[in-house]
Amino acid sequence: MSIEAIPEEVLEPVARPSRWPYFTLGGLLLAGLLSVVAWNVELPYIAYSVGPVTDVTNSIAAEGVETYRTSGELLMLTVITQNVNVFEAVIALFDPTIDLYERQAVRTPGETDEEYRSRVLQQMDDSNFRSIVVALNELGYEMEPIEVVINGL
């Protein structure tokens with residue numbers, strides 16, 4: 001029997017199910033998987049960004065000296081540092097308030113998070129001491145060191 005002998009009603013094409021829903025679902029699953037991987041991949045960069053700004057005028061105390069009423073504000077700026085993943089690095093590229101630095105430029109090789117935190121806190125303490133010395137020198141007081149502290153060798 002040849003094709004010419006089959007009636008035309010019987011030769012209607014069979015409808016195949018559409019494949020695009022499967023491709024869409026596969027694409028979404030792949031995008032989700034890549035997002036999870038990218039979120040958990042830590043890059044060798046550290047982000048620095050502006051944190052809260054606080055008025056610290058009421059936090060200043062002076063004993064044994066004459067004090068005066070203040071006008072205005074004395075603002076303290078907080079800087080936030082954090083390790084970044086792929087998403088945060090992309091955001092930092094477009095956000096002018098976030099700076100990215102290579103981790104090796106900021107931290108010493110093999111330095112743990114706790115060692116880094118301790119070093120930064122020591123730098124803050126040193127900065128506070130130096131600002132007091134500068135302020136007192138400006139007011140005419142002469143500072144004489146009475147103690148020497150060695151932080152490390």
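The model is predicted, so local features need pLDDT of at least 70 and side-chain atom pairs count only at pLDDT 80 or more, while totals for chains, interfaces and linings use all residues. Residues are numbered from 1 along each chain as its sequence is written, and side-chain values use heavy atoms, with hydrogens and water left out.

Start with the sheet. Three strands form an open sheet in the order β2-β1-β3, and the pairing is antiparallel. β2 and β3 (98-102) stand at the edges, each with a single partner strand, so one side of each has no neighbour in the sheet. Neighbouring strands are turned by 30 degrees against each other on average, direction ignored. Here axes are lines fitted to C-alpha atoms, for helices over the stretch in contact, and angles run from 0 to 180 degrees between N-to-C directions. Strands (E, at least two residues) and helices (H or I, at least four) are DSSP runs, numbered from the N terminus. Two strands pair if DSSP finds at least two bridges between them. β1 and β2 pair in the antiparallel sense over 9 bridges. Ala-47 stands opposite Gln-82 in β2. Strands of a sheet pair through backbone hydrogen bonds, either parallel or antiparallel.

Now the charged side chains. Side chains of opposite charge can pair when their charged atoms come close. A salt bridge is a side-chain nitrogen of Lys or Arg within 4 Å of a carboxyl oxygen of Asp or Glu. The structure holds 5 of these salt bridges.

One of them joins Arg-103 and Glu-42, at 3.0 Å from N to O. This pair links distant parts of the chain: Arg-103 is in helix α3 (residues 103-106), Glu-42 is in strand β1 (residues 42-55), and they are 61 residues apart. Arg-103 is partly exposed at 22%. Glu-42 is exposed at 53%.

Arg-107 bridges to Asp-113, with the closest N and O atoms 2.9 Å apart. Arg-107 is buried, at 9%. Asp-113 is exposed, at 54%. Both belong to a network of salt bridges that links Arg-107, Glu-111, Asp-113 and Arg-119.

Asp-126 and Arg-130 form another salt bridge, with the closest N and O atoms 2.7 Å apart. They are 4 residues apart in helix α4, so about one helical turn separates them. Asp-126 is partly exposed at 33%, and Arg-130 is exposed at 52%.

Last, the pockets. On a 1 Å grid over the protein atoms alone, a pocket is an open set of points where a 1.4 Å probe fits, with protein on both sides within 12 Å along at least five of seven lines; lining residues have an atom within 4 Å of a point. Grid points are joined across faces, edges and corners, and a volume is the space filled by probe spheres set on the points.

The largest pocket has a volume of about 600 Å³. Of its 20 lining residues, Ile-60, Ala-62, Val-65, Glu-66 and Thr-67 are the closest to its centre. The lining divides into 11 nonpolar, 6 polar and 3 charged residues. Nonpolar covers Ala, Val, Leu, Ile, Met, Phe, Trp, Tyr, Cys and Pro; charged covers Asp, Glu, Lys and Arg; the others, Gly among them, are polar.

The second largest pocket has a volume of about 510 Å³. It is lined by 17 residues, with Leu-77, Thr-78, Val-79, Val-120 and Met-124 nearest its centre. β2 (75-85) and α4 (113-138) each supply at least two lining residues. α4 gives the most, with 9.

Note on methods: Buried means under 20% relative accessible area, exposed over 50%, partly exposed in between (1.4 Å probe, protein chains only).
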